Amino acid sequence: MARALLGFASPHLSHLQTKTPPITSLHVTAMPDHSHHPSLDITGGARDRFLPPLSNTLTRPYNPFPLIGWNRHVETIFASFFRQIPDVKLRRECLRTKDDGAVSLDWVSGDHLDVPPDSPLLILLPGLTGGSQDAYVRHMLMRARSNGWRVVVFNSRGCGDGPVTTPQFYSASFIGDMREVVDHVSSRYPKANLYAVGWSLGANILVNYLGRDSNTCPLSGAVSLCNPFNLVISDVDLRKGLNNIYDRALASSLRRIFKKHALLFEDIGGEFNIPLAANCKTVREYDEGITRVSFGFKSADDYYSNSSSSDFIKHVHIPLLCIQAENDPIAPSRAIPREDIKENQNCLLIVTPQGGHLGWVADSLRGAPWTDKVVMDFLKHLERGASKALASCTDPQDVQHAESLIT
């Protein structure tokens, strides 16, 4: 909003002039934007569409918990090790994929009986080596479930103590499993609107899927959090200074998963470097030994440069909310594709000044991340819009047209 300040003649001077003088200049003063707190950097082509429904939450700043949020590493590590893990009973379903692989889907126990079949369905994609056991995943699961949504956690191959049945895990650019999971849950609950939330590497996979399958994606909306976006930049930053802590921790988790299933790679031959992967000290070493070979890349650099979701966000055709922390040590701010997000009429980007990686430790020291309420408000807004669009249709052709607009 802007206000124009125009000069005009005083009535006391009317005897000195008979005509209004021509306007020779225009001074425009920008009015403050009260739709969000000034500490939040909010942009995107869908800003005008999606910011108003979030204004109640975003008019307040993100205030990290005292002593915890003063340092990005402290906030990241605290959230990883000391955040409360909600107790929830899950029912596991192992989905066999077309290439004889397997992914693990964790549903809330009893939801198949208690939640109506047309309730909105939320798919959760954890970060690298993460799964349904992680605190940030369970907090989001509990919030969505408390709002009457059906929730399923998509554990990638080998994650969440899931099985590995072929000599292939998963990668930042492999969306085959995501396609099959979406098709599977969609066929099981055909009356439900589908949504997805991804964190870190899971967010990168999600945005890759949304962009590459933009014309066929059946999701009604999605949220990306702590997305590394540009994996070349993220790889460089991960090996800098104290970030080495996370590099080694992630490598340790990758080694642990690999060693559980090492027999599948015995005598595999080819370009695989099994000793390098089995003893990796960095994520890059693991990707060089296993990941890039499994998915046909020439090198780790080739894998990173061709797996970045920053290259595909411009093609996203459904509502997408991206939330990042300016001080994220693993998903660096300089990797965010800001210009493409600004030009995409379906995207909204929120950047908080602090938060770390998967942190956002705010009012409750061990409670849910600050982002959970923002995410849920966004998804509920989309679901209300989807429900209204369908409710206003009486003719079957109108219903079909409304569904096509939603997805």
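A residue counts as buried when its relative accessible area is under 20%, as exposed when over 50%, and as partly exposed in between, using a 1.4 Å probe and protein chains only. The model is predicted, so local features need pLDDT of at least 70 and side-chain atom pairs pLDDT 80 or more, whereas totals for chains, interfaces and linings use all residues. Residues are numbered from 1 along each chain as its sequence is written, and side-chain values use heavy atoms, with hydrogens and water left out.

Strands (E, at least two residues) and helices (H or I, at least four) are DSSP runs numbered from the N terminus. In strand E10 (residues 320-325), six of the six residues are buried, so the strand is largely enclosed by the rest of the structure. Leu-320, Cys-322 and Gln-324 cover one side, and Leu-321, Ile-323 and Ala-325 the other.

## Neighbours of E10

Strands pair if DSSP finds at least two bridges between them. E10 runs parallel to E9 (residues 221-225), to which four bridges join it, and Leu-225 has Ile-323 as its bridge partner. Six bridges join E10 to the parallel strand E11 (residues 347-352), where Val-351 stands opposite Gln-324.

## Nonpolar cores

A nonpolar core is a set of buried Ala, Val, Leu, Ile, Met, Phe, Trp, Tyr and Cys residues joined through side-chain atoms within 4.5 Å. The largest has 63 residues, and those with the most contacts inside it include Phe-169, Ile-313 and Leu-320. Helix H6 (residues 201-212) gives the largest share, six residues. A second, separate core of 42 residues includes Val-137 and Trp-360.
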